[in-house]
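Please look over the sequence and the model first.

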Amino acid sequence: MSVLDSFIDSIGTFGTWLRFVSRKEASGPQNQAYRAFGHDTVRYAEGLGSAPPSGFFANANRFVIQHAEFTNNVNMFDTGNAVLHLLMPYTDPNALVDSSARWPPPSCHPGTRNTICTKLMSWLDDAAREWKFIWLWGSAGCGKSAVAQTFADKCLGHGRLGASFFFSRPNRRNNPKTVVPTLVYQLATHCPAYKAIITYRLSEDSHLLSKAIPVQFKKLIIEPFADLQQRGVISTQQPFVIILDGLDECQDEFAQCEIVRQIEEAVRLKKDLPLIWMVCSRPEAHLQHTFARIPVCSPEELAIDEECRGDVERYLSAGLFEVKMKYNIDPMWPPAAEFAVVVKGASGHFVFAATALGFISDEDYANPVQRLDKLVVFLKEKDVEHDSVINPLTKLDFLYSCILADIPRDIFPTTWRILAHLIFVRKIRPVVSKFLYTSAPTLCNLIDVNRSTFYSALRKLYSVVAVPPPEKVARIPLRFYHASFQDYLVDASRSGRFAIEEQRALVDITKCLFHWNQVDTSHFHTQARRNRSRCHDHAVLPGLKWTANPDAQYLSRGISGFAASRSWLGCEKVGPDPDLLTCVFQLDMRYLYIDLVPWCRFLNECYSKGLLGDFCRTEPSEEFDALLLDRLKMMTNQELVKPASFPFTWHDYHEYKLREYVLMGYGSKAVIIWFTTNGKTGYRLDRLTCDEEPSQRRVSKYQKWLQKKGRFALGRIEAVENNDISKDKSLRAISSCPKRVYSPAVANRETGDTNQREADAESPLYPAKDNNFLPLVTEIGN
């Protein structure tokens with residue numbers, strides 16, 4: 001073969017050469033494509049005709065090549081793959097469905113995720129499909145990539161996969177500039193007619209691959225396939241599927257939304273385009289916002305439901321069976337109890353199950369029995385600090401750390417507070433705290449942040465926390481998708497700088513409760529405007545940041561009641577923490593509600609550690625204290641009231657009479673609080689402030705209560721107050737009875753007053769009632 005013949009063969013499919021030797025320019029895009037590659041070439045590519053003659057010079061005559069220069073190594077266009085070579089530098093080959101970089105890829109275990117896989121295959125085969133665009137979303141680690149891989153493999157086997165892109169931020173498959181070129185490259189390999197048009201377009205504009213995503217999307221995907229559809233090319237009679245998995249891991253949020261918008265526009269404006277799309281991602285805030293405004297897309301949630309939990313159990317069972325066979329382990333392994341612990345820990349979370357299997361089957365240790373034992377111990381002892389070297393969930397922790405690392409440092413403190421309240425508020429009387437989870441506005445107001453700040457703080461956590469949109473906050477609670485995220489957060493050895501320590505969290509919660517307790521009492525429960533029932537049916541609390549939904553009055557009552565009844569319980573739970581003590585010592589005690597039992601216990605613990613100082617005292621230290629003592633004498637008609645002795649015993653059950661006082665607070669905000677009990681027939685806790693002296697009506701009511709309770713039975717009262725029980729045989733007998741700790745809950749259980757117990761939960765302070773055995777309530781200053 002001559003050199004000239006070799007040259008002619010080498011450029012046989014180079015479209016631009018035809019335009020060079022052609023005498024007429026094509027007038028339209030369609031004709032240009034035909035002229036560039038020859039009508040026979042397109043027909044051959046589509047299987048509609050026989051193979052065309054080799055090269056454009058076959059059977060040609062009467063033409064002359066002038067000033068020709070010949071060289072070797074010109075085979076780059078030999079088989080029509082020049083466009084692939086041109087695209088290659090702009091693509092990310094590691095993001096393909098069958099890339100070696102992803103091997104072995106995640107995929108659905110046989111017999112799992114049957115519902116969603118069947119639904120997707122039905123969608124693929126349905127010629128009358130309603131939707132050409134599906135958004136498959138789910139929490140982090142729920143198995144989205146496995147579903148996407150399994151579906152992509154099936155599409156590939158049916159010849160229907162047009163292209164795919166599997167994003168991964170840790171593996172740096174997240175450059176938005178590579179998305180369109182990578183899709184174009186795959187579509188070109190699956191559709192020869194499309195490759196012909198792309199070759200021509202890139203020869204016309206060599207800078208097209210450097211242009212903006214919308215331009216590339218239009219010029220390299222939408223318009224070429226619209227052209228092929230218009231011409232009725234056989235290979236486009238059934239649409240190709242394009243799958244984008246992990247879109248939320250794409251480098252830029254704007255680019256993520258731009259890709260979604262381009263797909264939406266193509267589906268909406270080009271209804272006959274032979275392409276259908278599936279995008280998989282976590283439910284990040286910006287993506288939820290974007291997809292919510294796309295009517296042509298069908299959202300499909302990959303939920304962690306009962307089916308999913310069963311799938312995970314089957315996956316774990318099969319995985320452990322393979323391990324057992326590989327290492328010749330006892331047929332009865334794993335023990336049912338240990339397997340149940342792992343299944344419970346996974347709770348439908350595929351990434352948890354995969355991580356657990358990886359830990360057990362680690363070939364570096366080659367001891368699955370021992371590794372399973374370590375995993376079970378780890379899962380059972382969540383509250384124990386673990387050595388990070390033997391953490392079985394390292395890979396899962398890395399996933400959570402990456403999610404949290406995306407939160408800006410200046411925003412994270414607010415995020416931390418929201419998560420801390422969500423996790424640990426249950427520690428303060430879980431039954432009563434249940435209202436906190438009814439709506440995001442409740443938590444938002446409790447920590448005193450506005451709605452915008454609230455959503456901004458959680459913006460990066462939509463993949464691990466179910467955050468309801470504003471219009472659904474009254475119906476959908478704020479919650480974690482999976483318990484493993486909470487376990488990670490509360491274990492400092494796993495979460496490091498993101499850790500939420502219980503002590504610090506409870507301090508923040510208690511300080512918030514005191515804040516709203518103070519707001520409520522100072523505005524609606526002062527001496528002049530006392531609400532005896534403390535049912536909080538007053539005006540809306542001032543300072544609430546989010547009251548549009550749910551009802552502001554209902555929200556206000558909930559926060560008021562919760563703060564009043566749980567502030568001192570928080571103190572009891574936390575103990576004398578320095579940060580909390582600073583808050584307590586600054587409280588205005590004049591109107592603050594006092595829950596007797598936890599209040600006494602907290603003060604006793606502070607006293608035992610020498611931390612009370614002069615905040616709580618029995619000796620007057622300033623003129624206001626002397627004034628309060630004088631007013632106390634007015635209340636008691638000059639009767640004896642002993643200084644309280646530490647530690648307090650007021651919260652214990654008393655079979656004998658007792659009356660003691662204590663001074664609290666500073667300056668004009670100081671108060672005197674005294675405790676009066678007549679044994680088993682009742683008790684009361686009263687308070688006086690410097691603002692006003694007790695009225696005659698109040699003094700009279702107190703005296704009548706004393707008379708009613710038999711408080712002034714001479715002899716007995718003097719014997720008790722002088723600690724001389726020996727003077728009265730009946731008192732000696734009473735004193736020998738074992739003491740019982742008093743609490744309103746115990747009182748209610750013993751009286752069997754179910755309705756009253758429910759009232760206590762919402763309105764912890766209500767009018768005192770007589771009882772045949774134990775007192776029901778603390779009455780302050782009435």
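## Salt bridges

R201, K219 and E223 are joined in a network of salt bridges. The model is a predicted one, and it holds 26 salt bridges.

Helix 13 (residues 306-327) contains both E306 and R309, which are three residues apart, about one turn of the helix. These two residues form a salt bridge whose closest N and O atoms are 3.1 Å apart. E306 is exposed, because its relative accessible area of 60% is over the 50% cut-off. R309 has 32% relative accessibility and so counts as partly exposed.

## Bridges between distant parts of the chain

K326 is paired with E363 in a salt bridge, with 2.6 Å between the closest N and O atoms. This pair links distant parts of the chain: K326 is in helix 13, while E363 is in the loop between helix 15 (350-360) and helix 16 (368-380), and the two are 37 residues apart. E363 is exposed, with a relative accessible area of 56%.

Another salt bridge is formed by K545 and D448, where the closest N and O atoms are 3.3 Å apart. K545 lies in the loop between helix 23 and helix 24 (552-574), and D448 in the loop between helix 19 (440-446) and helix 20 (451-458), so the pair ties together parts that are 97 residues apart in sequence. K545 counts as partly exposed at 43% relative accessibility, and D448 counts as partly exposed at 32%.

In soluble globular proteins, nonpolar side chains tend to be buried together. The largest nonpolar core in this model has 141 residues, and the members that touch the most others are F151, F454, W568, M589, W599, W650 and M664. Helix 23 (residues 502-524) gives the most to this core, with 10 residues.

Which residues does W599 touch, not counting residues up to four places away in sequence? They are W568, M589, I594, W650, V662, M664 and I673. There is also a second, separate core of 54 residues, with F165, L208, V233 and L244 among them.

## Helix 7

The buried residues in helix 7 are K144, A146, V147, A148, Q149, T150, F151, A152 and C155. F151 is also one of the residues that touch the most other members of the largest nonpolar core. The cover over the buried residues of helix 7 includes helix 6 (114-125), along with strand 1 (133-137), strand 2 (161-166), strand 3 (240-245) and strand 4 (275-281).

## T415 in helix 18

Helix 18 (residues 412-424) contains T415. Is T415 buried or exposed? T415 counts as buried, because its relative accessibility is 0%, and buried means under 20%. Leaving aside neighbours within four places in sequence, T415 has contacts with I407, A457, L458 and L461.

Technical notes: Residues are numbered from 1 along each chain as its sequence is written. This is a predicted model: local features need pLDDT of at least 70, side-chain atom pairs count only at pLDDT 80 or more; totals for chains, interfaces and linings use all residues. Side-chain values use heavy atoms; hydrogens and water are left out. Helices (H or I, at least four residues) and strands (E, at least two) are DSSP runs, numbered from the N terminus. Buried means under 20% relative accessible area, exposed over 50%, partly exposed in between (1.4 Å probe, protein chains only). Contact means heavy atoms within 4.5 Å. A nonpolar core is a set of buried Ala, Val, Leu, Ile, Met, Phe, Trp, Tyr and Cys residues joined through side-chain atoms within 4.5 Å. A salt bridge is a side-chain nitrogen of Lys or Arg within 4 Å of a carboxyl oxygen of Asp or Glu.
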